[in-house]
Structure formats: C-alpha cells, structure tokens
Amino acid sequence: MGKINLLVKYCLINEENEYNIKGILINNKIKFLDNNDKMILDKKLNTLKRITKESEILFNFKDKSCLICDKTNNKISFQIEVLVLENNDDYFYVKYKIIDDLFEIMIKII
C-alpha cells in the first residue's frame with residue numbers, strides 16, 4: 001500500500017474540474033475521495049467506481065457499460081461509447097459518450 005499524489009481532471013456536462021489530491025495505490029487499484037464520494041479506479045480491469053451515500057456507479061470501460069445501483073438495490077444498466085482509453089503505469093484517461101453527451105476523466109499519479 002502506498003500513498004500517492006494524484007492530478008484529477010474531469011470534463012463533464014457543463015463542468016470542468018481539476019485538482020490535486022492524495023490517494024492510495026493497492027494492487028493496481030487507486031482509491032481516493034472526490035467531494036466526500038469514494039472513488040476506486042481499477043487499472044487492471046479498466047473500471048471506475050463511485051460510491052456515494054445514495055448509490056454506487058460502476059463504469060466498465062472495457063465492456064463499454066455503466067451500472068448504477070441505489071441503496072434499495074434498484075439497478076440500471078446501459079451502454080456507453082468509449083472513444084479513447086489510455087491506461088499506462090502512472091496515467092489513466094478515458095473519453096466516452098452517453099447518448100449525445102461527451103465526458104472525459106484523467107487521473108495521473110504525480
């Protein structure tokens with residue numbers, strides 16, 4: 001287990017965000033907090049999980065899918081279109097579409 005410094009960039013619908021935070025790297029998984037939500041990037045599986053008080057959202061960029069599960073165990077699954085996926089030792093970048101909306105996430109170990 002190692003503490004790491006991360007540069008996180010989001011480009012979501014009408015929102016761009018960039019910040020430096022601390023994370024933990026364990027077995028090819030980077031765990032960090034994002035606005036009190038727990039984030040887990042599994043670099044081996046190309047997945048990103050966001051855990052909030054209300055739900056868990058799992059993006060599987062390899063399978064091009066998204067699964068949302070709320071606290072009452074209701075599940076919604078849908079396909080995403082992955083346009084770019086780069087996964088290196090210290091860098092993860094994905095650009096994807098959901099219907100007509102474009103999203104980008106970049107996580108870099110600095």
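The protein has 110 residues, and a compact globule of that length would have a radius of gyration near 13 Å; the value here is 14 Å, which agrees. That radius is taken over C-alpha atoms, and the globule rule is 2.2 Å times the number of residues to the power 0.38. This is a predicted model, in which local features need pLDDT of at least 70, side-chain atom pairs count only at pLDDT 80 or more, and totals for chains, interfaces and linings use all residues. Residues are numbered from 1 along each chain as its sequence is written, and side-chain values use heavy atoms, without hydrogens and water.

Start with the overall form. The C-alpha trace spans about 35 × 30 × 25 Å along its principal axes. The protein holds 11 strands and 0 helices. Both are DSSP runs numbered from the N terminus: strands (E) of at least two residues, helices (H or I) of at least four.

Now look inside. Buried residues, those under 20% relative accessible area with a 1.4 Å probe and protein chains only, make up 37% of the 110. The largest nonpolar core has 24 residues. Such a core is a set of buried Ala, Val, Leu, Ile, Met, Phe, Trp, Tyr and Cys residues joined through side-chain atoms within 4.5 Å. Phe-32, Phe-59, Phe-61 and Tyr-96 touch the most other members. Strands that each supply at least two core residues include β1 (2-12), β2 (15-26) and β10 (91-98).

Leaving aside neighbours within four places in sequence, its contacts include Phe-59, Phe-61, Ile-80, Val-82 and Phe-103. Contact means heavy atoms within 4.5 Å.

Terms used. Buried < 20%, exposed > 50% of the residue type's maximum accessible area, 1.4 Å probe, protein only.
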